[in-house]
Amino acid sequence: MKEDWKKIEQFARTLLINATKNIKSSLYDSITINTKSNENDLVTNKDEEIQRYFFENIKTEFPHHSLLGEEGKGDELKNVNGIVWILDPIDGTMNFVHQKRNFAISLGIYENGIGKMGFIFDVIHNELYFAKRGEGAYLNDQKISPLKNIVLEEAIVAVNAIWLTKNRYLSHEKLGLLIKKIRGSRSYGSAALEMVYVATGRIDAYITPRLSPWDFAAGKIIVEELGGICTTLKNEELSILKNSSVLVSNASIQNELLTNYIEFLPDQKEGKF
Ligand code: 2AM
Ligand code: CA
Ligand code: CA
Ligand code: CA
């Protein structure tokens, strides 16, 4: 079946605009907060409502497409064949709950495992980051310039402080050396926003040992369109079928980060949280 990519893009934009309006207009309404894998892993009724809104509409318009999303009720993907919409309805739920800002809707559209379009909507700033594979990346209507080379001493790197304490995944000693080497570190609490910050050169890398496909699907397309690199922390390809560690980086510092500062602890298996 020949896909109408213009129609897919337009449809995605309409859903994103409507979802954003919905979130903004109900921002200070009372929300129901539940926990998932642990007491700090939050989900609200809004995360679920927004995902339902997307999935019901996509299913009606494109019944032959597959759906993958954080809040369940998607399709059980056995392979990457066909068109797959990958949604994180609210990325940065803790920020959404505590701060009412610094969260995003993340939507990646893949065809046979290859990222075709990535949308990351920073709801409160009204900033839509969009990339279409091979055709450039945009922040609202403005074309984003490709990334320039940098040196590690002048880099800003996003990493959650939890990984600088002793943990199951990464050598916190090596990461400590990195923090001393670079110009500054940041942690924003939304993987999608951290990825577009790398894509736009506001920061130069983002290091995290555990993400799911809906966290990185859209960001990967945007980052790669601007010349950045997005792999696992072992420099492997990311797959939309697997959880994994993620290194998002300006290409000029990626090898140095992997070689000198990122060390997986020996018995850690990729994707096992
Ligand atoms: P979420 O808000 O959609 O859950 C927080 O540092 C970032 O990591 C967010 O983008 C968050 O996405 C993501 N994340 C992935 N797995 C997580 C987990 N188990 N607990 C908390 N945040 C997680
Ligand atoms: Ca979550
Ligand atoms: Ca997420
Ligand atoms: Ca989420």
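Domain bounds here come from an automatic or database domain assignment. With that in hand, let's look at this one. The model is a predicted one.

The assignment gives domain 1, residues 5-143, and domain 2, residues 152-260. How far apart do the C-alpha centres of domain 1 and domain 2 lie? They lie 21 Å apart.

Now the contacts. 33 residues of domain 1 are in contact with 23 residues of domain 2. Look at the domain 1 side. Several elements each supply at least two residues of the side that touches domain 2. Strand 3 (66-69), strand 4 and helix 3 (93-98) are among them. So are strand 5 (104-111), strand 6 (114-122), strand 7 (127-132) and strand 8 (137-139). Which strand gives the largest share of that side? Strand 6 does, with six residues. By type, this side of domain 1 divides into 18 nonpolar residues, 10 polar and five charged.

On to ligand 1. There are 14 residues around it. Asp41, Asp91, Gly92, Thr93 and Ala191 come nearest. Two elements give two or more residues to this shell: strand 4 (83-91) and strand 12 (205-211). What does the shell consist of, by type? Two residues are nonpolar, six are polar and six are charged.

Last point. Why does ligand 1 lie between domain 1 and domain 2? Because domain 1 (5-143) and domain 2 (152-260) both give residues to its shell. Find Asp41 and Ala191 in the structure; both are among the residues that come nearest to ligand 1.

Notes: Residues are numbered from 1 along each chain as its sequence is written. Chains are lettered from A and ligands numbered from 1 in the order in which they are written. This is a predicted model: local features need pLDDT of at least 70, side-chain atom pairs count only at pLDDT 80 or more; totals for chains, interfaces and linings use all residues. A residue is near a molecule or strand if its C-beta atom, placed from the backbone, lies within 6 Å of it. Helices (H or I, at least four residues) and strands (E, at least two) are DSSP runs, numbered from the N terminus. Ala, Val, Leu, Ile, Met, Phe, Trp, Tyr, Cys and Pro count as nonpolar, Asp, Glu, Lys and Arg as charged, and the others, Gly among them, as polar. Two residues are in contact if their C-beta atoms, placed from the backbone, lie within 7 Å.
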